[in-house]
Structures are given as structure tokens and as C-alpha cells.
Amino acid sequence: MHDIRVVRADPAAFDAALARRGLPPAAEAVLAEDARRRAAQQALQERQARRNALAREIGQGRRQGLDTASLEHEAQALRAEMERLEAEAAEADRAQTALLEALPNRLDPEVPAGRDETANIVLHQHGEVPDFAFAPRQHFEIGEALGLMDFATAAKLAGSRFTLLKGALARLERALGQWMLTLHTEAHGYAEVSPPLLVNDATMYGTGQLPKFAEDLFRTTDGRWLVPTAEVPLTNLVAGEIVPETALPFRLAALTPCFRSEAGSAGRDTRGMLRQHQFQKVELVSITRPEDSDAEHERMTRCAERVLTELGLAWRRVFLCAGDTGFSAARTYDLEVWLPGQGAWREISSCSNCRDFQARRMNARYRPAEGKGTAFVHTLNGSGVAVGRALIAVLETYQQADGSVRVPEVLRPWMGGMERIAP
């Protein structure tokens, strides 16, 4: 959510920030509703003052035995006018909020210009793209040949964009998630959380999923929402709270299923596990003071990068351009992993600094140790990393000519010492 004072202070700059995302101007419409609300509130205050004065005059007149009928008639008319003004102010406030809540976060100045992912900037690459003596296969070809990845049965059970893993592949998926979560909690200092997977409207609203992205979500018949990422419940742990400055930063991690309708992805990645309705992910969330969020963003991204490095995968960090940066983010680094079977880099983690955008929606604040009042916290989130995509990368990177898959050394203790998955 945007601070209306920022819009008032420099409407042109606010519209210029929207233009960076390819959006039309909005300041004039927002300020029109703001002016309507303030005018109604001002008129309401004036009528309230007159009503108070009338009450005194009526009381004094009655004590003196005077005729107060005209004064009482005026007071009655004022009461009706005040009810109208209250409704007017409330309607203008709702309209202003509806305009503001549909607008994405303002981008940091350093975010590269560009309309789509073709303008993203590769900052650095780690590891060499593997070279195979045979034509590498895609993960679904490997998994089906192993007899451990079953899309047909998954479709029978649930429909398209679901996967059934069996045996060693199911264990490998579990090993990846457990290993990542342990790495982040024991080595990186994140506190493990097991959050609800069903949340209410307010929780989805707080992190920016509602109202704009309702079609991307799954909703239950009783009005709850399946979480698209653990970012939603983890970030909302501070919703409506005022935390002491000395308690910050909060660093939270969760391994959860995630659920997405993929409403805008018709025809994209229809084969395999890349784009699913249900998948596992380790999510990282940080709540910080404003002055600490840049350093925390770098720290979080490095924590995610370590996962890929220890798995022995080739990866690169990408700075997302204006047109590719998500709704709630002020800046985002994507981590992309090389998939030999596809012969392409694919996103496996996004680490975003949302500044105070989500905090304003959630009314999440902290109380400075020195000074008066409160201030909004900054919120950050990142994948640490997507378990299904890590499984894809491991299968394609560690595939062998005979159809087997070597298990990365770091995962072998989690696989009971298994070194190879064979047909």
C-alpha cells in the first residue's frame, strides 16, 4: 500500500514511478478521491461545531423558557446533513483505498528499465554449464524411465499439472526439503515455523495477493485460501503488531506445500514438474528495520545461493527489470539454475525486498529504542529454494548415460547413504 502523503507531495513523481512498470498515471484519480474525502471531513467538522453550539443555545433557551423550535429544527437538519457527509467521507475513503491497493510497489531507482524478462541483467554466474557425452534428457523423461515419476496417475487423481513421485524420487524430494530447511535454520539462523496452509482474506491482503491476484489462488468453500507460498502466513505473523526494535530482525523459514492455479500460464511448461498446481518450497522471510533491509536482502540471497552451490548446480543471479518485478517488490534478485535437458536457465528462487509496502497493508510496525512513536517495518521474502525445481535440476544435472541418476554428496546422508538412483 502506498502512503497518500507521498502522492500528495509529488504526483508527477508518483506517476513516473508507475510508468516505469508500464502503467498509466493514477495520481489524479487518487488525489480526487482524497480531496473529496478531506472536503467531506472538513464540512463534517464544521457542522459538528455548529451542532454543539446549537445544543448549548437550546439548553440555555429552555432554561429561560424561550421558544427553541427553530433551533431544534436546524439541529435536526444538521444531523441529517452530518449523516450524509459521514457516508460521503467513507465512500471516498473506500474509493481511494481501492485505487491505491491495486497499484504495485514503487521500484528502487537501481532497478533496470525494461518491459519484460529480456531486459533482466545477469549479475554473476557460479559453476560451469555441464557438458555431457550423450544427449541429456529432460527431467520427466528421466523420471518416467526410472519408473518413479507418474503423470498419468496424477492426472487420474487430480487433473493436469500434478505429479506422483514414488520410491527413491519421493525420498529425494523429501531429502531436498529437509536438508534445505536444516541448512537455513542451523547455519543461517532462521527460525523454523510450521504455519497454517489455509488463511483468511486479511492475511492474503496483507502480502498483496488480494484483491488483484485472486484468480491465481485456490479458495475453499468456506472462504479460506490455500497458501501460494509460505511468505503469506510468515510475513503476516507481525500483522497489526508493534514489535520492539531490539527484537529485529525476525528471520523465519518454513517448508510447506504451495498451491497455485497458474491461471495465466495456459500452454506454458505443460510437460513435467516445472509449473504445478501443488509443489513444495522452503520459504525465507525477514522482518527488519528500514535501514537494515538492503543488507538483509543481500544476506537472504546468499543463503539461497548456498543451497545451489552445495548441490553442485550451475546457477546465476539475475536483477529483475521494472517490467518483470513482482507486485509487492521494490527490487528482486532471481536465481536461475541451468537445466541441461532443456538447455536453458530457469528460475528456482526469487528474493525480494518489499520495503514498507506490505507492512502498510498489514499495519506492521516497530517501536524505536530511542525516539518517540512507531515506524513501519520492512519485509523481505525469498525461496530457499523451490524443492520441485531443485529436484528437476538435480535429475538433469546428475543424469548418467545408463539412465541412472547420481545422488549429490550433500544429500546422501538424507537418502540413507544411497549414491545412485537406478531404473
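A: Helix α12 lies across β9, β10, β12, β13 and β16, running at about 35° to β16. Contact here means heavy atoms within 4.5 Å, and axes are lines fitted to C-alpha atoms, for helices over the stretch in contact, with angles from 0 to 180 degrees between N-to-C directions. Helices (H or I, at least four residues) and strands (E, at least two) are DSSP runs, numbered from the N terminus.

Q: What kind of model is it, and what's counted?
A: This is a predicted model, where local features need pLDDT of at least 70 and side-chain atom pairs count only at pLDDT 80 or more, while totals for chains, interfaces and linings use all residues. Residues are numbered from 1 along each chain as its sequence is written, and side-chain values use heavy atoms, with hydrogens and water left out.

Q: OK. How many residues of α12 are buried?
A: 11 of the 11, so α12 is largely enclosed by the rest of the structure. Buried means under 20% relative accessible area, exposed over 50%, and partly exposed in between (1.4 Å probe, protein chains only). Among the buried residues of α12 are Arg-389, Glu-396 and Thr-397.

Q: Which helix packs with α12, and at what angle?
A: Helix α7, residues 167-187, packs with α12, residues 387-397, at an angle of about 120°, and the axes are 10 Å apart. The two are therefore oblique to each other. On this scale, angles under 35 degrees count as roughly parallel, over 145 as roughly antiparallel, 65 to 115 as roughly perpendicular and the rest as oblique.

Q: What is the handedness of the crossing of α7 and α12?
A: Right-handed. A crossing is right-handed if the near helix is turned clockwise from the far one by less than a right angle, and left-handed if anticlockwise.

Q: Which residues meet there?
A: From α7, Leu-169, Leu-172, Glu-173, Leu-176, Gly-177 and Met-180; from α12, Val-387, Ala-390, Leu-391, Val-394 and Leu-395. That contact divides into nine nonpolar residues, one polar and one charged. Ala, Val, Leu, Ile, Met, Phe, Trp, Tyr, Cys and Pro count as nonpolar, Asp, Glu, Lys and Arg as charged, and the others, Gly among them, as polar.

Q: And which strands does α7 lie across?
A: β4, β9 (250-259), β10 (278-288) and β16 (378-386), with α7 running at about 10° to β10.

Q: What's the strand order in the eight-strand sheet?
A: β1-β11-β12-β13-β16-β10-β9-β4, an open sheet with mixed pairing. Its edge strands, each pairing on one side only, are β1 (121-126) and β4 (191-192). Two strands pair if DSSP finds at least two bridges between them.

Q: How many bridges between β12 and β13?
A: Nine, in the antiparallel sense, between β12 (residues 331-339) and β13 (residues 344-353). Asp-334 stands opposite Ser-350, Val-337 has Arg-346 as its bridge partner, and Trp-338 has Trp-345. The hairpin of these strands has four residues between them, and Gly-343 takes a positive phi near 65° there.

Q: What about the other neighbours?
A: Strand β11 (residues 315-319) runs antiparallel to β12 and is joined to it by five bridges, with Arg-316 opposite Glu-336. On β13, three bridges make an antiparallel pairing with β16, where Ser-352 stands opposite Asn-381.

Q: Which way do the side chains of β12 point?
A: Arg-331, Tyr-333, Leu-335, Val-337 and Leu-339 point one way, Thr-332, Asp-334, Glu-336 and Trp-338 the other, and all are buried. In β13, seven of its 10 residues are buried.

Q: Switching topic: where is His-139, and what does it touch?
A: His-139 is in helix α5, residues 139-146. His-139 is buried, with a relative accessible area of 1%. Leaving out residues up to four places away in sequence, its contacts include Met-149, Met-273 and, from α12, Ile-392, Leu-395 and Glu-396.

Q: Last one: which strands form the three-strand sheet?
A: β8-β14-β15 in that order, an open sheet with mixed pairing. Its edges are β8 (242-244) and β15 (375-376). Strand β14 (residues 365-367) pairs with β15 in the antiparallel sense over two bridges, and Arg-365 stands opposite Phe-376.
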